[in-house]
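Thanks for taking a look at this one with me.

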Amino acid sequence: MTNTRPGTFVVHTATFEGPLDQLLRLAQQGQVDLQTLPLADIAADYLAHARRDFDVDDVTETIWMLAALIELKARALLPQPPPPEEPPVDDASDLEELLEERLAAYRAFKDVATALRALEAYQQRVFLRPPDEPDEPLLSGVALTDLFRAFQEVLARGRERGAEIPPEGITVADRMAAVLALLAAHPDGVPFDALFPPEASRLEIVVTFLALLELIRLLRVRVMQEARFGTIRIHARIPQEGRSGAEAG
Amino acid sequence: MTDPRIREAANAIECVLLVSGEPVRLDQLVEAAQAPPEVVIAATELLQQEYADRGLEIQAVAGGYQLGTRPAYAEAVRRYLGAAGREPLSQAALETLAIVAYRQPITRPEIEALRGVRSEYILERLEERRLIKAVGRKQTVGRPILYGTTDAFLRYFGLRDLSDLPPIEAFGRGAPNAAAAGAPVNTSSEP
């Protein structure tokens, strides 16, 4: 079906001689040793041919066929992954066995869960003496309303300035990291206002406040206020295991 | 006649356990009571004997000793505190926790393969309750987080350490075990 009109590009290599589309067809059928097929030479020949006899349709088609050959050869050159160690479970009895095994494992965990439930029930009836005073109060002298009042003050300041800085993808996670970094640099803690740089946009203020609330929830910071309406100070808190309240009476 | 050194250490330990409100490790007791470990161990045994028919009991938990109320009197304590019972773990949470406890360190995909359902939410809740924690990352594609149990886990179930977990038959078929039947016995002297 190859039309060998004059001007049609013909491939000349040691192993193949003929039109390119035929070479491609044979390559796709696996009848050509792609490893030894000199694609660079063929491409160079074609470039020389195209300089003499240029036809847009012909060039488009030829480039496509060369690209297809390059892809085939690239695949042939790539090392083949070793066949999977275990053939996939196709045998019905194997599958059954696997399911059976899974089920047995799951049943074993259900059994120990029952045992753990008994231990839980026992231990929930044991009351320990609650610690007198948490030695590290999380919110000492600070009511949530104080925190929000301080937040509103900062927010109002942010509002007074006219131009809003366009949002730049401020995330709570980023602000949490920034607050922790600030606190790490100030072991004695920082005043509440210091969390909010003067140039902070409202978005940044809001997100920073959310970050602070999240850090309080995660027990990563302590918030203290010496006197009513006094300065609120934020301290880093050394995370410690235990005192989780999970077991305290 | 009790060795006066043991009597003295036992009294000191009793005081420490009262104010602690959480498990106190052997080395902490040695430090507080200023007595050698063997005396402290003998003293805790003495205390456990003496508390045998009292309202309080001394438990060996999470690598230490703790003084707590005896479960038989939980109702009296609750009536006084006016507090409802603590919320037990959900069945799904308990099963997930069991898998973490026995197969730790373990990744979420491995847990999900065993349970056959997504477990992200449950793992987050367990982490929030401090019953499990990230203990590292598996050196495999995606470096998934490895989970393990915490000291709070041991206290929650009143376990001395992980070897104190109820025995599991690796792939056993419905092996019931003793711990499921009743209360644990906390008379061992080893922390």
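1. Let's begin with one residue of chain B. Setting aside residues up to four places away in sequence, L126(B) touches L89(B), A93(B), T96(B), L97(B), L131(B) and I132(B). Please keep in mind from the start that this is a predicted model.

2. Which residues touch the most other members of the largest nonpolar core? They are L89(B), L97(B), L126(B), F153(B) and F157(B), in a core that counts 32 residues. Both chains take part: helix 4 (92-123) of chain A supplies at least two residues of this core, and so does each of helix 5 (91-103), helix 6 (108-115), helix 7 (120-128) and helix 8 (151-157) of chain B. Helix 5 of chain B gives the most, with 8 residues. There is also a second, separate core of 24 residues, which includes F151(A), M176(A), F196(A) and L215(A).

3. A word on confidence. The model scores ipTM 0.76 and pTM 0.50. For chain B the mean pLDDT is 82, with 86% of its residues at 70 or more. One stretch to treat separately is residues 171-191 of chain B, where the pLDDT is below 50. Beyond near neighbours in sequence, that stretch has 44 contacts in the model.

4. Now for chain A as a whole. Its secondary structure comes to 7 helices and 6 strands. Read from the N terminus, the order is β-β-α-α-α-α-β-α-α-β-α-β-β. Of its 249 residues, 35% count as buried. If you take the contacts in chain A between residues at least 6 apart in sequence, 67% join residues at least 24 apart.

5. At 1.5 Å a residue, its 14 residues should span 20 Å, and the end C-alpha atoms are 20 Å apart, which agrees. Its buried residues are R175(A), M176(A), V179(A) and L183(A). Why do these belong to the same side of helix 6 of chain A? They cover an arc of only 105° around the axis, so they sit on the same side of the helix. The face turned away from that buried side carries the exposed residues A173(A), A184(A) and A185(A).

6. What do the buried residues of helix 6 of chain A pack against? Their partners are strand 4 (190-191), helix 7, strand 5 (221-225) and strand 6 (232-236) of chain A.

7. Helix 7 of chain A passes a similar check. Its 16 residues should span 22 Å at 1.5 Å a residue; the end C-alpha atoms lie 23 Å apart, which agrees. The buried residues in this helix are E204(A), I205(A), V207(A), T208(A), F209(A), A211(A), L212(A), L215(A) and I216(A). After helix 7 of chain A comes L219(A), whose phi is positive, near 60°.

8. T208(A), in helix 7 of chain A, deserves a look of its own. Is T208(A) buried or exposed? T208(A) is buried, with a relative accessible area of 1%. Leaving aside neighbours within four places in sequence, T208(A) is in contact with R175(A), V179(A), L195(A) and F196(A). Among these, R175(A) and V179(A) are buried residues of helix 6 of chain A.

9. Next, the aromatic rings. There are 8 aromatic pairs over all chains. In one of them, the rings of F151(A) and F209(A) have their centres 3.9 Å apart and their planes at 10°, so the pair is stacked. F151(A) lies in helix 5 (residues 144-160) of chain A and F209(A) in helix 7 (residues 202-217) of chain A, so the pair ties together parts that are 58 residues apart in sequence. Both partners are buried: F151(A) has a relative accessible area of 10%, and F209(A) has one of 3%. F148(A), F151(A), F192(A), F196(A) and F209(A) form one aromatic cluster.

10. Finally, back to chain B for Q66(B), which is found in strand 3 (residues 64-69) of that chain. Q66(B) is buried, with a relative accessible area of 2%. Not counting residues up to four places away in sequence, Q66(B) touches Q123(A) and L128(A) in chain A, along with E22(B), P23(B), E57(B), I58(B), Q59(B), V61(B) and R155(B) in chain B.

Terms used
Residues are numbered from 1 along each chain as its sequence is written. Chains are lettered from A and ligands numbered from 1 in the order in which they are written. This is a predicted model: local features need pLDDT of at least 70, side-chain atom pairs count only at pLDDT 80 or more; totals for chains, interfaces and linings use all residues. Side-chain values use heavy atoms; hydrogens and water are left out. Rings of Phe, Tyr and Trp (its six-membered ring) pair if their centres lie within 6.5 Å; planes under 30 degrees apart count as stacked, over 60 as edge-to-face and the rest as tilted. Helices (H or I, at least four residues) and strands (E, at least two) are DSSP runs, numbered from the N terminus. Buried means under 20% relative accessible area, exposed over 50%, partly exposed in between (1.4 Å probe, protein chains only). The expected span of a helix is 1.5 Å times one less than its number of residues. The arc is that of the directions from the helix axis to the C-beta atoms. Contact means heavy atoms within 4.5 Å. A nonpolar core is a set of buried Ala, Val, Leu, Ile, Met, Phe, Trp, Tyr and Cys residues joined through side-chain atoms within 4.5 Å. pLDDT is the predictor's confidence in each residue, from 0 to 100.
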